[in-house]
Amino acid sequence: MALDEQTLDALADELAEAGRTRTLIPRITARHPEVTVEDSYAIQGRWRNRELARGRRLAGRKIGLTSKAMQAATGITEPDYGVMFADTVVDSGAVLEFDRFTNVRIEVELAFVLKEPLEGPDCTLLDVLRATEYVVPALEVLDAHVELEGRTIVDTIADNAAYGAMVLGGSPVRPEDVDLRWVAALLHRNETIEETGVAAGVLGHPARGVAWLANKLAQHGERLEAGEIILAGSFTRPVWIERGDTVLADYGDLGTITCRFV
């Protein structure tokens, strides 16, 4: 890693304070051009461990930037991941406080709920399907704490992959009961369709994103545990949200998800 321990700690503290105050910090890459991807995961890990020490409970992980649509929207060309705490997971129909988030955007995803652990470095798509209890429609609320202009994947990873919250809903399905590649969704904002997409946009199959994550975590000596919820990555571009907006995602046979921002 390029950054020393003191700098990693200081940046983790900055991001934690930005989360509490709902503010933005200057780009890490602008202040530390030498920063690496490993540094950014170390910053994220320090922030995560402090949140766990405060009593928050891990619900699962999110994978980001797995589709061409998301990569084109951000200018970032490889996936990333972050953690999801239980207090950020809400059910369809939730009313969310707009001021709880910064640079609020919504993404359309599938969530995998694991019945068995998944461990790399040789995890495959079939391993993911065998270890999954069910798959359920989800929306991710993005919440950025690093200024967006000029941001790189290093800035995003350090900022917990810009994760804010997850809305779960619709109809859970077992992975063997549906071809997950062809799950499609229509994303409405205030009764207007803003985005459409098909889950195959995530690396050709959304389970590939989960396999990628298991293999990536193995590099850090970690694995995915039974009971974790894994957000597999968005198959639409992010949609900007304003206060007062109502969001509805229609997943066809898998049902709908709604939420509102006040």
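**Exercise 1. Find which residues Tyr 41 touches, not counting residues up to four places away in sequence.**

Step 1. Apply the contact rule: heavy atoms within 4.5 Å. Tyr 41 then touches Asp 80, Tyr 81, Ile 157, Trp 212, Lys 216 and His 220.

Step 2. Tyr 41 belongs to helix α3. Helices are DSSP runs of H or I with at least four residues, strands are runs of E with at least two, and both are numbered from the N terminus.

Step 3. Judge its exposure. Buried means under 20% relative accessible area, exposed over 50%, and partly exposed in between, with a 1.4 Å probe and protein chains only. Tyr 41 has 7% relative accessibility, so it counts as buried.

A note on the source: this is a predicted model, in which local features need pLDDT of at least 70, side-chain atom pairs count only at pLDDT 80 or more, and totals for chains, interfaces and linings use all residues. Residues are numbered from 1 along each chain as its sequence is written, and side-chain values use heavy atoms, with hydrogens and water left out.

**Exercise 2. Compare the sequence and space separations of Tyr 41 and Val 154, then describe Val 154.**

Step 1. The two residues are 113 residues apart along the chain. Their C-alpha atoms are separated by 8.3 Å.

Step 2. Val 154 sits in helix α6. Its relative accessible area is 9%, so Val 154 is buried.

Step 3. List its contacts, leaving aside neighbours within four places in sequence. Val 154 meets Thr 29, Val 35, Thr 36, Val 37 and Ser 40.

Step 4. Take a second pair. Val 154 and Ala 144 are 10 residues apart along the chain, and their C-alpha atoms are separated by 13 Å.

**Exercise 3. Decide whether His 220 is buried, partly exposed or exposed, and locate it.**

Step 1. His 220 is in the loop between α7 and β10 (229-231).

Step 2. Its relative accessible area is 27%, so His 220 is partly exposed.

Step 3. Not counting residues up to four places away in sequence, His 220 touches Glu 38, Tyr 41 and Tyr 81.

**Exercise 4. Check the length of α1 and find what its buried residues pack against.**

Step 1. The expected span is 1.5 Å times one less than the number of residues. For the 17 residues of α1 that gives 24 Å, and the end C-alpha atoms are 24 Å apart, so the two agree.

Step 2. The buried residues of α1 are Thr 7, Leu 8, Leu 11, Ala 12, Leu 15, Ala 16 and Ala 18.

Step 3. These buried residues pack against α2 (28-31), α3 and α6 (153-158).

**Exercise 5. Describe the largest nonpolar core.**

Step 1. A nonpolar core is a set of buried Ala, Val, Leu, Ile, Met, Phe, Trp, Tyr and Cys residues joined through side-chain atoms within 4.5 Å.

Step 2. The largest has 66 residues. Those with the most contacts inside it are Leu 110, Phe 112, Leu 139, Tyr 251 and Phe 261.

Step 3. Helix α7 (residues 206-218) gives the most to this core, with six residues.

Step 4. Return to Tyr 251. Not counting residues up to four places away in sequence, Tyr 251 touches residues including Val 108, Pro 137, Val 183, Phe 235 and Ile 257.
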